[in-house]
Amino acid sequence: MTAVAFLRPEFTESFPAAMEQGVLYVSIAYGTCGHLCCCGCGQEVITPLSPAQWSFTYDGENISLTPSVGNWALSCRSHYWIRKGAVQWSRRYSPEEVAENRERDRHELAQQQDDEITGGRLARKRRWLGRWRR
C-alpha cells in the first residue's frame, strides 16, 4: 500500500472487520476512532477518545484528531497529525522521547481515571449525606 494524504470520516457504531484505507472510523458509542496507518503499512490504529487520550473535531465535512498519532509500537513507527482530514507528517521521535511521551500519557490517563473514581465517590457521598439532612 501507499501512504495516505487524506482521511475521510465515517461515523459508525462499530468498526468493520476489514478497515478501508483512507477512512477514519468514529464510534461515538464506544468512544473510539480507528483507521489504517497512514504510512500504508496496513496496520490498524485505534485511538481511544478521552480527555487524557485523543479528541476530535468535526466541521460537518472533515475531521481533526488531537494530539498527533505516534505509532511507536508498530514497525513503521510513523508519526502524523490529522487536521481537517489532511495527514500532516511529523518527525520521528528518538527512543528517549517515545519513553517520555509514554510516561506522560500513562500519568495523564491514571489521573483521569482517579478523577473519575473520586468524582463518583464524592457523588455517592453527597447523595448519602443528603439523606441525613432531610
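Predicted model: local features only at pLDDT ≥ 70, side-chain atom pairs only at ≥ 80, totals over all residues.
Student: How many helices and strands does the protein have, and in what order do the elements run?

Tutor: Helices (H or I, at least four residues) and strands (E, at least two) are DSSP runs, numbered from the N terminus. Here there are eight strands and one helix, running β-β-β-β-β-β-β-β-α from the N terminus on.

Student: What share of the residues is buried?

Tutor: A residue is buried under 20% relative accessible area, exposed over 50% and partly exposed in between, with a 1.4 Å probe and protein chains only. Of the 134 residues in the protein, 31% are buried.

Student: Which residues have the most contacts inside the largest nonpolar core?

Tutor: A nonpolar core is a set of buried Ala, Val, Leu, Ile, Met, Phe, Trp, Tyr and Cys residues joined through side-chain atoms within 4.5 Å. The largest one in this model has 17 residues, and Leu7, Val69 and Tyr80 are those with the most contacts inside it. At least two residues of this core come from each of S2, strand S6 (63–70) and strand S7 (79–83), and S6 gives the largest share, three residues.

Student: Which residues are in contact with Leu7, and which does Thr47 touch?

Tutor: Contact means heavy atoms within 4.5 Å. Leaving aside neighbours within four places in sequence, Leu7 is in contact with Gly22, Val23, Leu24, His35, Cys38, Ile82, Gly85 and Val87. Thr47, found in strand S4 (residues 44–48), is buried at a relative accessible area of 1%; not counting residues up to four places away in sequence, Thr47 touches Thr32, Cys33, Trp54, Leu65 and Val69.

Student: How many aromatic pairs are there?

Tutor: Rings of Phe, Tyr and Trp (its six-membered ring) pair if their centres lie within 6.5 Å, and planes under 30 degrees apart count as stacked, over 60 as edge-to-face and the rest as tilted. The count by this rule is four aromatic pairs. Phe15 and Tyr25 form a tilted pair, with 6.2 Å centre to centre and 50° between the planes. Phe15 lies in the loop between strand S1 (8–11) and S2, and Tyr25 in strand S2, so the pair ties together parts that are 10 residues apart in sequence. Phe15 is partly exposed at 25% relative accessibility, whereas Tyr25 is buried at 3%. Tyr80 and Trp89 form an edge-to-face pair, 5.2 Å centre to centre with 70° between the planes; Tyr80 is buried at 0% relative accessibility, whereas Trp89 is partly exposed at 44%. Ring pairs also link Phe11, Phe56 and Tyr58 into a cluster.

Student: Which residues form a nonpolar patch on the surface?

Tutor: Patches are made of residues with over 30% relative accessible area and no salt bridge, with like charges joined within 9 Å and nonpolar side chains (Val, Leu, Ile, Met, Phe, Trp, Tyr) within 5 Å. A salt bridge is a side-chain nitrogen of Lys or Arg within 4 Å of a carboxyl oxygen of Asp or Glu. Accessible areas come from the Shrake-Rupley method with a 1.4 Å probe, and for residues only the protein chains shown count as cover. Here Phe11, Ile28 and Tyr58 form such a patch, with about 310 Å² of accessible area together. Ile28 sits in the loop between strand S2 (23–27) and strand S3 (32–36) and is exposed, with a relative accessible area of 57%.

Methods
Residues numbered from 1 in each chain as written. Heavy atoms only, no water.
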